[in-house]
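This report describes the packing and the strand arrangement of one protein model. The sequence and the structure are shown first, and the description follows.

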Amino acid sequence: MRRRRLIDRFSRPLDRYVFGEFFRIFLTTALGFPILVFVIDLTDNLDRYVARDLSKAEIALSYLYWLPDSMFMILPAAVLFATVFSIGGFTRHSEVTAAKASGISFYRLTAPIFVGAVLAAVLGLVISEVAPMTNAKREEILELKRSRQRTDRFNFAYAAERGRVYKIGSLNAATGVVLGVEIERKGSGPEYPTVVVAASTGGWSADTGWTLRRGVTHVIPDSVTDYAFAFDSSRANLMTERPPDLLATPRSPQELDYGDLSRFIEALERSGGDANELRVERALKIAIPVTCIIIALFGAPLATSTQRGGAAFGIGISLGTTIIFLMLIQLTKAVGEKGLVQPDLAGWIPNVAFAVIGAVLMARVRT
C-alpha cells in the first residue's frame, strides 16, 4: 500500500512533466557527447581502419561497442546539463514561481529530477560492469590485440594463484623456454614456511607441463633458518600457466570490471607492484556513478540563477562545472597514486567537494 501511494505521488502530471524535461535533455547530452567523440575519432583513424580492410558495418559496430565506455565519464555532466537546463527553463518561464504559489516547494518540484539522477547513477554502475566486455569486443573487431602479439618477454614478475610470484629473466612462448626462473611463495611461519625455487632454465610441454633444471629449492620457516635442496631437474606441478599466459601484459582498468580489477590489484601487490593508481580507478568505478546524484544536488539550486543570462549562461555554468569536475578527477588520480591520500578514499574527493557545495546551495535556496 505504501509503495503504491509513493508511485501515485510521483505519477502526477507535474512530476511527469518535470521528469520528462530532465530526461529529454539528459538523453540528448549522454548520447550527443559520445557521438561527437566518435566523429573526431573516425576522422583521425579512418585511414587505419581502411588499411585493415574493415567494412563499414564492422567500423559502425566497433563504435557501438565503444558507446558504454564513452558514456561512463559523461554521465555526471549529462545529469548536470539536464538539471541546469530543465530547472533554468522552469525559472525563466516563471513555472517555479507558479509552483511555489500553489504550495509546492522547490524541493518537491525538483524531486523527479533527483529520481532521474538516481536512475542515472544506477545506469552508471551497470555501464561500469558492461563496458569492459564491450571494449574487448571492440578491440577484437578493430584487431588491436593482434597487432600487439609477441612471443618474447624479458625481466618480469607474474603474480600467480595461491600467493605464488614468478620472477623470470626471459621467456620465449613459441619454444616454451624460460631462463633465470625464481618462484616464491611467502609463508607465515614454521607450519607454513616460505618456499623459494630458483632455476637456471625451464621448459614447458603439453604432456608434462613445466620442468625446471639446474636449480635450488629454499625452505625458510623463519628469519634465521634456510634449508636448501639442489636439483638437476624438477617438475613444477603448481606452475599451471601455459607460456602464452605468461605473456599477458597488465590490462588497463577500462578492460576490467570491479571484481576483475580487485583481483588484479591483489595479484599486483603480491608481486611487489604499486597498485595505488589502480585502487583509485577502482574507487572511481563507484564514485563516478554516485556523482550523478551529488551533481544534481549541486546543479538544482545553481540553475535558478540561469534566468539572468538565459541559455548561454546555463551552458557556461555546465561546461565550467564539467571542466572542474574532470580536473578534480585528474588531481584525485595524482594524489592517490603518490600516496598523499589513501587511494581507496582519493576517488571520492570530487564527490565530497561537490556534496559540500551542493548542500550549502540547497540550504540557501528559497523554497
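In this predicted model, Val79 touches Phe22, Phe26, Ala117, Ala120, Cys292, Ile295 and Ala296, when residues up to four places away in sequence are left out of the count. Val79 also belongs to the largest nonpolar core, which has 51 residues and in which Phe26, Leu75, Val79, Phe106 and Phe354 have the most contacts. Helix α10, spanning residues 276–303, supplies the largest share of this core, namely 10 residues.

Leu80 lies in helix α4, which covers residues 75–92. Leu80 counts as buried because its relative accessibility is 1%, and the cut-off for that class is under 20%. Although 242 residues separate Leu80 from Thr322 in sequence, their C-alpha atoms are 8.2 Å apart in space.

The strands considered here form an open sheet of six, in the order β1-β2-β3-β4-β5-β6, with antiparallel pairing. Strands β1 and β6 are the edges of this sheet, each pairing on one side only, and the twist from one strand to the next averages 10°. Within the sheet, β4 and β5 pair in the antiparallel sense over 11 bridges, and Thr194 has Ile220 of β5 as its bridge partner.

| β1 | residues 152–159 |

How values were computed
Residues numbered from 1 in each chain as written. Predicted model: local features only at pLDDT ≥ 70, side-chain atom pairs only at ≥ 80, totals over all residues. Heavy atoms only, no water. Pairing = 2+ DSSP bridges. Helix = DSSP H or I, 4+ residues; strand = E, 2+ residues; numbered from the N terminus. Axes fitted to C-alpha atoms, helices over the stretch in contact; angles between N-to-C directions. Buried < 20%, exposed > 50% of the residue type's maximum accessible area, 1.4 Å probe, protein only. Core = buried A, V, L, I, M, F, W, Y, C linked by side-chain atoms within 4.5 Å. Contact = heavy atoms within 4.5 Å.
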